[in-house]
Amino acid sequence: MTTAFRWTRVDSHVLELVIGLGLLLVGLFQALFPLLGVTGPLPPIDTRDVRLDTAAQVPHLQSGGATLRGTHHAELAFTDPALWDRVLLAAPQIVHAGLILVILSILMRMATTFRRGDVFVPANVYRLYGIAVALILTGTAVPALDMITTEALISGTPFTKEVESGFTMSASTVLLSILVAALAGAFGHGTRLRADTEGLV
């Protein structure tokens, strides 16, 4: 017995088109363009938003080609970032984009099961767990990488006395990963029930 639901071929094509568009936009603007900025063909990322130890206005501090300006939420700007600085500036965004691309790629594979009218297949259970892992990395590893690269950018400069170094986990993303993992568990239960039912027929 196959669990069926009302889903048309047009619905499948629209879903796949939306996911494909998301893959294209994230791949271009969040991954490829920053990567090309690191390697040289495009203008590099030259700023990083940082937090200061004090909410008071700080003078425009300069060290080499870098400038720190702002209040509690400040901007660390580089006039002509070297290759290593470009790598450090772009790394969190590129890693974040890579994880989003993983999630969208998994969703695209799941969309093919919608076309067949049956989402309760064992492969979708593992795909949902994969999305949950990617989400928890987005909420934890990306902020950690942002902190590490910021510390590397300001190391040995006067900015170390002004910039607040800390790790801020994205609680909403971690919560979403837990919910997706719970959904994967529900999918797994549904596939087992269906397999048991089919075994009785």
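Analyst: Leaving out residues up to four places away in sequence, Leu145 touches Ala91, Pro92 and Val95, where contact means heavy atoms within 4.5 Å. This is a predicted model: local features need pLDDT of at least 70, side-chain atom pairs count only at pLDDT 80 or more, and totals for chains, interfaces and linings use all residues. Residues are numbered from 1 along each chain as its sequence is written, and side-chain values use heavy atoms, with hydrogens and water left out.

User: Where does Leu145 lie, and is Leu145 buried, partly exposed or exposed?

Analyst: Leu145 lies in helix α3; helices (H or I, at least four residues) and strands (E, at least two) are DSSP runs, numbered from the N terminus. Leu145 is partly exposed, with a relative accessible area of 23%. Buried means under 20% relative accessible area, exposed over 50%, and partly exposed in between, using a 1.4 Å probe and protein chains only.

User: How far apart are Leu145 and His96?

Analyst: Leu145 and His96 are 9.8 Å apart in space, C-alpha to C-alpha, and 49 residues apart in sequence.

User: What about the geometry of α3?

Analyst: Helix α3 has 33 residues and reaches 48 Å from its first C-alpha to its last, close to the 48 Å expected at 1.5 Å a residue. The expected span is 1.5 Å times one less than the number of residues. There is a kink of about 35 degrees in α3, centred on Thr138; the bend at a residue is the angle between axes fitted to the seven residues ending there and the seven starting there. After α3 comes Gly156, whose phi is positive, near 80 degrees.

User: Which residue is 7.2 Å from Thr138?

Analyst: That is Thr173, with the distance taken C-alpha to C-alpha and a sequence separation of 35 residues. Thr173 sits in helix α4 (residues 171–200) and is buried, with a relative accessible area of 16%. Not counting residues up to four places away in sequence, Thr173 touches Leu135, Thr138 and Gly139.

User: Changing topic: how is the chain laid out overall?

Analyst: The protein chain holds 4 helices and 4 strands, which run α-β-β-β-β-α-α-α from the N terminus on. Of its 201 residues, 34% count as buried. Among contacts with a separation of 6 or more, 73% are between residues 24 or more positions apart.

User: And α1, which residues of it are buried?

Analyst: The buried residues of α1 are Ser12, Glu16, Ile19, Gly22, Val26, Gly27, Ala31, Pro34, Gly37 and Val38. What covers them includes α2 (83–115).

User: Where does α1 bend, and where does α2 bend?

Analyst: Helix α1 bends by about 35 degrees at Gly27. Helix α2 bends by about 40 degrees at Ala90, and a proline, Pro92, follows within four residues. Just after α1, Gly40 takes a positive phi of about 130 degrees.

User: How many aromatic pairs are there?

Analyst: The structure holds 1 aromatic pair. Phe29 and Phe33 form it, edge-to-face, at 5.2 Å centre to centre and 85 degrees between the planes. Rings of Phe, Tyr and Trp (its six-membered ring) pair if their centres lie within 6.5 Å; planes under 30 degrees apart count as stacked, over 60 as edge-to-face and the rest as tilted.

User: Why are Phe29 and Phe33 about one helical turn apart?

Analyst: They are separated by about one helical turn because they are 4 residues apart in helix α1 (residues 9–39). Phe29 is partly exposed at 46% relative accessible area, and Phe33 is partly exposed at 32%.
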